[in-house]
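Me: I would like to go through a protein structure with you. Could you take me through its parts in order?

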Amino acid sequence: MTEDRPPYPPFTRETALRKVQAAEDAWNTRDPRKVASAYTPDSVWRNRETFVRGREEIVTFLTGKWERELDYALRKNLWAFTENRIAVRFQYEWHDRAGRSWRSHGNELWEFDEHGLMSRREASINDVAISEAERRIHGPRPKEEHGADFPLR
């Protein structure tokens, strides 16, 4: 049985925006299995210096990530799109077990199959130490802010 995850390529601006918001919403659940279900069974990732292949490795990777990155909250913005590819820029905030707060900035390149599942994800990410008072991302994005650009700083 083939899995489908609309919207499907080829993307329009509207469907690319929907795909980006769906990804943001899924990642903000911090549920590794839910997130992994949006990827092909043999999806290939580069996340910083880590290389991951397949859903089970995605689940393992995300489980460890969210054990380290506490109170993780993410915002993604569409940067560009083509027929079956989307580029996003993103920011997320979190704190570590020592109580230090961080803002992580990055860019992702996504490639999708004909069923709307992501077959490739490449992420470049930089972390910036911030004070708890500087945090501005708290939980999932409210519906009225869907599609709104998030400021760089």
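Reply: The turns below cover the sheet, the helices, the core and the salt bridges.

Me: What kind of model is this, and how are residues numbered?

Reply: This is a predicted model, in which local features need pLDDT of at least 70 and side-chain atom pairs count only at pLDDT 80 or more, while totals for chains, interfaces and linings use all residues. Residues are numbered from 1 along each chain as its sequence is written, and side-chain values use heavy atoms, with hydrogens and water left out.

Me: What is the strand order in the sheet?

Reply: The six strands form an open sheet in the order S2-S1-S6-S5-S4-S3, with mixed pairing. Strands are DSSP runs of E with at least two residues, helices are runs of H or I with at least four, and both are numbered from the N terminus. Two strands pair if DSSP finds at least two bridges between them.

Me: Which strands are at the edges?

Reply: Strand S2 (50–53) and strand S3 (70–81) are the edge strands, as each pairs on one side only.

Me: How many bridges join S4 and S5?

Reply: Eleven bridges join strand S4 (residues 85–95) to strand S5 (residues 101–112), in the antiparallel sense. Within this pairing, Val88 stands opposite Glu108, and Phe90 stands opposite Gly106. The two strands form a hairpin with five residues between them, and Gly99 in the turn has a positive phi of about 90 degrees.

Me: And S5 with S6?

Reply: S5 and S6 also run antiparallel, joined by twelve bridges. Leu109 has Glu122 in S6 as its bridge partner.

Me: Which residues of H3 are buried?

Reply: They are Arg55, Ile58, Val59, Phe61, Leu62, Gly64, Lys65 and Trp66. Buried means under 20% relative accessible area, exposed over 50%, and partly exposed in between (1.4 Å probe, protein chains only).

Me: Which residues have the most contacts inside the largest nonpolar core?

Reply: They are Trp27, Tyr39, Trp45, Leu62, Ile86 and Trp110, in a core of 30 residues. A nonpolar core is a set of buried Ala, Val, Leu, Ile, Met, Phe, Trp, Tyr and Cys residues joined through side-chain atoms within 4.5 Å. Not counting residues up to four places away in sequence, Trp45 touches several residues, including Trp27, Tyr39 and Leu62.

Me: How many salt bridges are there?

Reply: The structure holds 14, a salt bridge being a side-chain nitrogen of Lys or Arg within 4 Å of a carboxyl oxygen of Asp or Glu. One of them joins Arg135 and Glu93, with the closest N and O atoms 3.6 Å apart. Arg135 lies in the segment after S6 and Glu93 in strand S4, so this pair ties together parts that are 42 residues apart in sequence.

Me: Is Glu93 buried or exposed?

Reply: Glu93 counts as buried because its relative accessibility is 0%. Arg135 is also buried, with a relative accessible area of 9%.

Conventions: Contact means heavy atoms within 4.5 Å.
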